[in-house]
Amino acid sequence: MCLSVPRRRRWTLTLTLLAMALTGVIGGLLWQSVETASIVAVQGQVTAMQPWLAAARFSVIALVALLWPGLLAAWHRCGGISDQRRSVLLAARWRIVAWLLVLELVVGQNLLGQLVSALQGVRS
């Protein structure tokens, strides 16, 4: 299913407006939650959700790895990319997945911070 340029623009605008609306709703709910609850309670909820959020991020990375060839094939069929560009992007799939994993481990799992604190604990 290839979309024409005006239809793509309409979809882009619609999805952008939807993302803005969802961001506003979530932000409003979070603002209300912070104002009505104590910071300790909110921090406890965030801490309790961390394993689920990490699992969701790892699932998205796995989906990127699994769906990458199909997405590139669909994009190629629509005429969005050439054969050569498709081959280059297909070859870059595992490099992209590896970088997403590195970002998740360093930022999401705070691997660097845990390493530094472990090294400081050894020195003490």
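Valine 97 lies in helix H4. The model is a predicted one. Its protein chain holds five helices and zero strands, and valine 97 is a buried residue of that chain, with a relative accessible area of 7%.

**Whole chain**

- Read from the N terminus, the order of elements in the protein chain is α-α-α-α-α.
- The radius of gyration of the protein chain is 21 Å, whereas the globule rule gives 14 Å for 124 residues, so the chain is more spread out than a compact globule.
- The C-alpha trace spans about 60 × 40 × 15 Å along its principal axes.
- Of the 124 residues in the protein chain, 10% are buried.
- The protein chain has an accessible surface of about 10,100 Å², and carbon and sulfur atoms account for 71% of that surface.
- Among contacts in the protein chain with a separation of 6 or more, 57% are between residues 24 or more positions apart.

**Helix H2 with helix H3**

- Helix H2 covers residues 39-77 and helix H3 covers residues 83-91.
- The axes of H2 and H3 come within 10 Å and cross at roughly 170°.
- Angles over 145 degrees count as roughly antiparallel, so H2 is roughly antiparallel to H3.
- On the H2 side, the contact is made by Trp68, Pro69, Leu72, Ala73, Trp75 and His76.
- On the H3 side, the contact is made by Asp83, Arg86, Leu89 and Leu90.
- By class, the residues of the contact of H2 with H3 are seven nonpolar, one polar and two charged.

**Helix H2 with helix H4**

- Helix H4 covers residues 93-108, and the axes of H2 and H4 come within 10 Å.
- The crossing angle of the H2 and H4 axes is roughly 175°, which means that H2 is roughly antiparallel to H4.
- H2 contributes Ala54, Arg57, Phe58, Ile61, Val64, Ala65, Trp68 and Pro69 to the contact with H4.
- H4 contributes Arg93, Trp94, Ile96, Val97, Leu100, Leu101, Glu104, Leu105 and Gly108.
- The residues of the contact of H2 with H4 comprise 13 nonpolar, one polar and three charged.

**Valine 97**

- Not counting residues up to four places away in sequence, valine 97 touches Ile61, Val64 and Ala65.
- Ile61, Val64 and Ala65 belong to the H2 side of the contact with H4, and Val97 belongs to the H4 side.
- Valine 97 counts as buried because its relative accessible area of 7% is under the 20% cut-off.
- Valine 97 and leucine 111 are 14 residues apart along the chain, and 18 Å separates their C-alpha atoms.

**Proline 69**

- Proline 69 is placed in helix H2.
- The relative accessibility of proline 69 is 26%, so this residue counts as partly exposed.
- Not counting residues up to four places away in sequence, proline 69 touches Leu90 and Arg93.
- Leu90 is among the H3 residues in the contact with H2, whereas Arg93 is among the H4 residues that meet H2.
- Proline 69 and arginine 86 are 17 residues apart in sequence, with a C-alpha to C-alpha distance of 9.1 Å.

**Asparagine 110**

- Asparagine 110 sits in the loop between H4 and helix H5 (111-123).
- Although asparagine 110 is not a glycine, it has a positive phi of about 55°.
- Asparagine 110 counts as partly exposed, at 41% relative accessibility.

Key
Residues numbered from 1 in each chain as written. Predicted model: local features only at pLDDT ≥ 70, side-chain atom pairs only at ≥ 80, totals over all residues. Heavy atoms only, no water. Axes fitted to C-alpha atoms, helices over the stretch in contact; angles between N-to-C directions. Helix = DSSP H or I, 4+ residues; strand = E, 2+ residues; numbered from the N terminus. Parallel < 35°, antiparallel > 145°, perpendicular 65-115°, else oblique. Contact = heavy atoms within 4.5 Å. Nonpolar A, V, L, I, M, F, W, Y, C, P; charged D, E, K, R; others polar. Rg over C-alpha atoms; globule rule 2.2 N^0.38 Å. Buried < 20%, exposed > 50% of the residue type's maximum accessible area, 1.4 Å probe, protein only. Areas by Shrake-Rupley, 256 points an atom, 1.4 Å probe, with all protein chains shown as cover.
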